[in-house]
Amino acid sequence: MESRVLLRATANVVGIPKLRRPIGAIHRQFSTASSSSSSFSVKPIGGIGEGANLISGRQLRPILLLDSSAINGGEKREILKPVKAAAAEGGDTAGEAKVGFLAKYPWLVTGFFFFMWYFLNVIFNILNKKIYNYFPYPYFVSVIHLFVGVVYCLISWSVGLPKRAPIDSNLLKVLIPVAVCHAIGHVTSNVSFAAVAVSFTHTIKALEPFFNAAASQFIMGQSIPITLWLSLAPVVLGVAMASLTELSFNWLGFISAMISNISFTYRSIFSKKAMTDMDSTNVYAYISIIALFVCIPPAIIVEGPKLLNHGFADAIAKVGMTKFISDLFWVGMFYHLYNQLATNTLERVAPLTHAVGNVLKRVFVIGFSIVIFGNKISTQTGIGTGIAIAGVAMYSIIKAKIEEEKRQGKKA
């Protein structure tokens with residue numbers, strides 16, 4: 001019945017001044033005809049799933065849309081084309097979303113994040129070591145790292161990129177232990193960087209997974225599989241081999257790197273207890289602010305008198321005021337940006353990719369530092385470093401797979 005009404009309207013559209021019967025009446029007649037027929041069932045055209053549109057909860061049948069001028073008795077009478085055809089003439093089909101290039105190829109974005117993370121990390125380590133060659137004051141330089149990062153965060157908050165997340169006393173109490181461990185680990189890492197070769201410090205810091213496993217087993221009471229412990233054996237062996245023949249070895253650099261490992265291990269423990277709904281960018285900003293206030297007193301006590309007496313004067317005499325200030329500013333920027341990029345990168349990838357990415361980052365830093373500074377290493381040191389890195393890779397891959405299996409088990 002509905003088809004006959006619409007065909008009649010099409011055939012006589014020129015001679016009819018306006019549509020005599022409302023659309024609702026046509027629908028009612030259609031419903032009556034359908035209900036009275038027992039020989040067959042009629043399926044409404046344009047039902048859900050056949051291209052019908054819903055507007056304000058009502059379904060529009062995409063057979064023919066009449067122009068408003070024809071309905072209102074205007075001079076122009078035209079039966080519009082079906083919805084899909086009309087939309088096609090206008091360009092895109094209805095409801096079709098345009099997919100951007102980056103959204104279509106997300107791996108390019110992730111690859112760019114990895115590249116920038118590695119690049120900024122390598123630049124930071126090289127510039128940091130160059131500063132220590134003429135300004136050996138790691139406590140003060142650590143303060144500069146955090147200070148530049150805090151200023152960057154404050155400026156970012158002021159322009160709303162990102163929007164500052166509110167913080168209360170309870171959240172502050174949770175973040176303080178994390179920030180204190182972050183501050184201690186950061187300062188002791190820089191003490192080690194200033195005392196020994198960058199490659200050797202990173203070799204010692206390859207032991208961090210061993211301390212993490214020990215803390216998880218004996219402090220948090222978590223059961224560590226035997227396979228993880230076995231994968232850590234090459235790490236310990238490799239670090240020991242590298243340390244015995246490292247030409248730049250001294251106890252200050254070695255012990256400082258070990259304290260850094262312990263501090264960052266406790267930072268991980270406190271971080272797990274400090275899970276919040278705040279995004280990682282804001283969390284890192286608040287941790288940097290707290291860590292800055294923790295680092296200032298030791299810098300003043302340990303290095304303050306030396307800096308005032310001759311430290312600043314000697315550095316300016318060697319490289320000039322402009323380069324000295326510029327180096328301190330840029331090393332702080334690279335430190336903050338590489339840490340922020342690391343957080344953003346690792347949020348985009350799976351745990352296994354995360355693990356491999358961390359190992360490759362350490363390989364990049366060690367390799368570039370040896371090339372840039374021309375550090376001479378013995379054959380045993382090179383072999384030991386390679387064994388340690390391979391052990392870290394094994395440990396990281398096994399741990400990532402275990403975490404993934406646990407996650408899938410919880411979902412099931």
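The model is predicted: local features are reported only at pLDDT of at least 70 and side-chain atom pairs only at pLDDT 80 or more, whereas totals for chains, interfaces and linings use all residues. Residues are numbered from 1 along each chain as its sequence is written, and side-chain values use heavy atoms, with hydrogens and water left out.

**Stop 1: the whole chain**

Of the 412 residues in the chain, 39% are buried. Here buried denotes under 20% relative accessible area, exposed denotes over 50%, and partly exposed lies in between, with a 1.4 Å probe and protein chains only.

The chain exposes about 23200 Å², and carbon and sulfur atoms supply 66% of that area. Accessible areas come from the Shrake-Rupley method with a 1.4 Å probe, and for residues only the protein chains shown count as cover. Among contacts (heavy atoms within 4.5 Å) between residues at least 6 apart in sequence, 80% join residues at least 24 apart.

**Stop 2: the annotated spans**

Select residues 107–127, 139–161, 226–245, 251–270, 282–301, 321–338, 359–377 and 383–402, where an unreviewed UniProt entry places the feature "transmembrane region". The UniProt positions follow the numbering used here, feature names are shortened, and annotations may be inferred rather than shown by experiment.

Residues 139–161 are 87% helix and 0% strand, and the end C-alpha atoms of this span are 30 Å apart. Residues 251–270 are 100% helix and 0% strand, with end C-alpha atoms 28 Å apart.

**Stop 3**

Select helix H11, residues 226–245. Its 20 residues should span 28 Å at 1.5 Å a residue, and its end C-alpha atoms are 30 Å apart, which agrees. The expected span of a helix is 1.5 Å times one less than its number of residues. Buried residues in H11 include Leu228, Leu232, Val235 and Val239.

Next, select helix H16, residues 379–411. Among the buried residues of H16 are Thr381, Thr385, Ala388, Val392 and Tyr395. An α-helix has 3.6 residues a turn, so residues three or four places apart point the same way.

**Stop 4**

Show the side chains of Asp327 and Lys323, which meet in a salt bridge at 3.3 Å, N to O. A salt bridge is a side-chain nitrogen of Lys or Arg within 4 Å of a carboxyl oxygen of Asp or Glu. The structure holds one salt bridge. Both residues lie in helix H14 (residues 321–346), four residues apart, about one turn of the helix. Is Asp327 buried or exposed? Asp327 counts as buried because its relative accessibility is 9%, whereas Lys323, at 43%, counts as partly exposed.

**Stop 5**

Select Phe293, Ile296, Ile300, Ile301 and Val302, which make a nonpolar surface patch of about 520 Å². Patches are made of residues with over 30% relative accessible area and no salt bridge; like charges are joined within 9 Å, and nonpolar side chains (Val, Leu, Ile, Met, Phe, Trp, Tyr) within 5 Å. Ile300 is found in helix H13, residues 280–319, and counts as exposed at 55% relative accessibility.

Val319 is also found in H13, and is partly exposed at 26% relative accessibility. Leaving aside neighbours within four places in sequence, Val319 is in contact with Tyr134 and Phe324. Val319 and Tyr134 are 185 residues apart in sequence, with C-alpha atoms 8.2 Å apart.

**Stop 6**

Select Ala179 in helix H8, which is buried with a relative accessible area of 0%. Beyond neighbours within four places in sequence, Ala179 contacts Ile287, Ile290 and Ala291.

Phe368, in helix H15 (residues 351–373), is partly exposed with a relative accessible area of 41%. Phe368 and Val122 are 246 residues apart in sequence, with a C-alpha to C-alpha separation of 7.1 Å.

Finally, select Leu161 and Pro162, which are joined by a cis peptide bond with omega of about 0°. Pro162 is found in the loop between helix H7 (138–158) and helix H8 (169–195).

Technical notes: Helices (H or I, at least four residues) and strands (E, at least two) are DSSP runs, numbered from the N terminus.
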